[in-house]
Amino acid sequence: MTEPRPSWHSNVGFLLAAVGSAVGLGNLWRFAYLASESGGAAFVLVYLVVIVLVGAPLLVAELAMGRSAREGAFRAPGRLVGRRLEWVGALFVLTGFAILSYYSVITGWTARYLVAVARGAVERDTAAQFAAAASGGAAVTWHLVAMALTVAIVAGGVRGGIERASLVLMPALFVLLIALAAWAATLPDGGAGYAFYLRPDPARIWRLDTFTSAVGQAFFSLSLGMGAMLTYASYLQKGGSLVREGFVIALADGSVAFAGGLVTFPIVYQFGLQGQVGESTVGALFIALPHAFATLGATGRIVGTAFFLALLIAALTSAISLLEVLVDAVVARTGWSRRRAVVLAGGATALAGVPAALDLRWLGAADRIAGNLLLVVGGLIIAILTGWIWTGADAELADGFPHPRVRRAWIWLLRVAIPAALALVLVGAVRDALGVIAAAIR
Ligand code: TRP
């Protein structure tokens, strides 16, 4: 007996779940180090433009595909366009599998840091503490803890698990972030952080690499390019404007990333930790910030706990969307019950994540290949598909656009501008991925 296809209980539930997918480690962990690597405010500015012109239009396309197909990432491309595109669904699922395998490792670090900071057990040498947390048995154990939490939520189903968790966790996350940003504003020497973060250096705005990293970040942060948003939208009933929904999700995600910067940059500058942030991809959150929290004593314990709790919530609500894609694919493929599918998909991902837990270089390589290259490939496919091949997009979005001109702009963005921009980004991403592979072989 196959179970009936699940659906959301309310539109707010769907929106919070989708924002929960988008808002994740990407907003705090990836955004902070990219922004500091690519010139602070210049990056922030370019990023905002990319979100509006590339991210949101693609997000709307994914939502339309999912709601129209009533199938998740695995089946939707084939259903909408025909059998010759079934491989696209397989690519989506593979990408999601790869991303979740290392995403869960970082979620595990987060859970571990939450416990350590709450207990006041941050060591003076935070770099050494991080090195210990990110390798060996401890890292594997916490990765398994993170996967278990993710599995537990997804096993509850779309309504009883994902939606219910999002309705509680997302508001909690917003409150925590606002409180943290307000606290950061009281730091006497945080001003330099705001200046770096908010005052753009015009020379950095027009550089190609600023643009490429902004596009990569937009994909990752908006959960685009592998059908996660598509799968969530496949549980929607007809009616309701996907255009508005897409923009709301994109704006919420951008706002959280922005607010995250208002928390991290003043702290980083207050404690003179700039050097540590750009140096390593993980430095910003797991090395620099605990250092600040340790210096602050009791206050640091409270603030640090709030910070890692927020981060853990953000990470979990994203991990569940990745796992849901896999679970839906297993159910579609085998007709199994949801519970059985969750155990299989969760177990397989837990295993696949072990190498990333043991070795930071593996994690970095997986992030460059799946989190950069494959997502951009997926986005390119989605743009071309909705722009040129799948003819149902218009009907699915009918009346959703505030003005016919916006609709035309959307179509031409998908047909020409976005593919052109992504092709440009892809050249760099392919070169980067080949470099990663070559380094691994050597
Ligand atoms: N968007 C999440 C973040 O910013 C990560 C994420 C969840 C994701 N689902 C995804 C990334 C699907 C790419 C594709 O942390």
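Visitor: Of the contacts between residues at least 6 apart in sequence, what share joins residues at least 24 apart?
Guide: In this predicted model, 84% of those contacts in the chain join residues at least 24 apart, where contact means heavy atoms within 4.5 Å. Local features here need pLDDT of at least 70 and side-chain atom pairs count only at pLDDT 80 or more, while totals for chains, interfaces and linings use all residues. Residues are numbered from 1 along each chain as its sequence is written, and side-chain values use heavy atoms, with hydrogens and water left out.

Visitor: What does the C-alpha trace span along its principal axes?
Guide: The trace spans about 60 × 50 × 50 Å.

Visitor: How much of the chain is buried?
Guide: Buried residues make up 57% of the 442 residues, with buried meaning under 20% relative accessible area, exposed over 50%, and partly exposed in between (1.4 Å probe, protein chains only).

Visitor: Which residues touch the most other members of the largest nonpolar core?
Guide: Leu58, Ile249 and Phe286 do, in a core of 164 residues, a nonpolar core being a set of buried Ala, Val, Leu, Ile, Met, Phe, Trp, Tyr and Cys residues joined through side-chain atoms within 4.5 Å. Helix α16 (residues 297-334) supplies the largest share of this core, 20 residues.

Visitor: What does Ile249 contact, beyond its neighbours within four places in sequence?
Guide: The contacts of Ile249 include Phe14, Leu15, Leu59 and Met229.

Visitor: Switching topic, where is Val425 found?
Guide: Val425 is found in helix α21 (residues 404-441), and at 4% relative accessibility Val425 counts as buried. Val425 and Leu373 are 52 residues apart in sequence, with their C-alpha atoms 8.9 Å apart in space.

Visitor: And Thr349, buried or exposed?
Guide: Thr349, in helix α17 (residues 338-352), is buried, with a relative accessible area of 0%. Not counting residues up to four places away in sequence, Thr349 touches Phe97, Leu100, Ser101, His143, Met147 and Leu326.

Notes:
Helices (H or I, at least four residues) and strands (E, at least two) are DSSP runs, numbered from the N terminus.
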